[in-house]
Amino acid sequence: MRVMVIGATGTIGSAVADALAGHDVIRVGSSSGDVRADISRPESIRGLFAGVGQVDAVVSCAGSARFNPLAELSDDDFAFSIANKLMGQVNLVRLGMEHVRDGGSFTLTSGVLSQVPIPGSAAISLVNAGVEAFARAAALEAPRGIRVNAVSPPWVSETLVQMGRDPSGGLPAAVVARAYLSSIHDEVNGTVIDARRFA
């Protein structure tokens, strides 16, 4: 199976790429990897697919969003979050559909803040919920048996360590990666997969 992992240099993306050992994995990053792409720019996505060619699965572990108290979130913060994590992943599906083989799949990334928001998460919660709604809707119209799902990771242990917080409240990236493998290999479609159930 030929799988393109976008965001493969990040914590979750690298764990997903490692978990796909034995497959032909194309690691895509914004500044490093086998291929480079910026998902916030549609022309970069078009160039990515044109260069890579046909794949069996696309996994997106990419997309940034701003975290700030609501009163401090600016127009630019919301525009950045929408253009990057939301529309970046929407455009991966829109512009990549013809490059995914029959019966293939797209797996997008949302996050627990869509269901369990916290103070400061207004922009992130917004885009995560949008990703989930889009995955459900796009799955209804995807042609040629192509499936579209989203994985909702909780806080990741390694990320909590980087933030100087207690990692016991998170899930290791290698465990989160199992949710992405389920999206790729299992016959699920239009589903938001809660990574916590793989713990």
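This is a predicted model: local features need pLDDT of at least 70, side-chain atom pairs count only at pLDDT 80 or more; totals for chains, interfaces and linings use all residues.
Student: Is valine 5 buried or exposed?
Tutor: Valine 5 sits in strand β1, which spans residues 2–6. Its contacts beyond four places in sequence include Val16, Leu20, Val28 and Val59. The cut-off for buried is under 20% relative accessible area. Because its relative accessibility is 0%, valine 5 counts as buried.

Student: What separation do the C-alpha atoms of valine 5 and glycine 29 have?
Tutor: Along the chain, these two residues are 24 residues apart.

Student: At roughly what angle do the axes of helix α1 and helix α6 cross?
Tutor: Two packed helices are described by the angle between their axes and the distance between the axes. Helix α1 covers residues 11–19 and helix α6 residues 173–185. The crossing is right-handed. The axes come within 8 Å and cross at roughly 65°.

Student: How many charged residues does the contact of α1 with α6 have?
Tutor: On the α1 side are Thr11, Ile12, Ala15, Val16 and Ala19, and among those they meet in α6 are Tyr180 and Leu181. By class, this contact has 10 nonpolar residues and one polar residue, and the number of charged residues is none.

Student: Which helix gives the most to the lining of the largest pocket?
Tutor: This pocket has a volume of about 940 Å³. Its lining has 39 residues, with Cys61, Ala62, Gly63, Ser64 and Lys85 nearest the centre. Elements that each supply at least two lining residues include β2, α3 and α4. The most, three residues, comes from α1.

Key
Residues are numbered from 1 along each chain as its sequence is written. Side-chain values use heavy atoms; hydrogens and water are left out. Helices (H or I, at least four residues) and strands (E, at least two) are DSSP runs, numbered from the N terminus. Buried means under 20% relative accessible area, exposed over 50%, partly exposed in between (1.4 Å probe, protein chains only). Contact means heavy atoms within 4.5 Å. Axes are lines fitted to C-alpha atoms, for helices over the stretch in contact, and angles run from 0 to 180 degrees between N-to-C directions. A crossing is left-handed if the near helix is turned anticlockwise from the far one by less than a right angle, and right-handed if clockwise. Ala, Val, Leu, Ile, Met, Phe, Trp, Tyr, Cys and Pro count as nonpolar, Asp, Glu, Lys and Arg as charged, and the others, Gly among them, as polar. On a 1 Å grid over the protein atoms alone, a cavity is a set of points where a 1.4 Å probe fits but cannot get out, and a pocket is an open set with protein on both sides within 12 Å along at least five of seven lines; lining residues have an atom within 4 Å of a point. Grid points are joined across faces, edges and corners, and a volume is the space filled by probe spheres set on the points.
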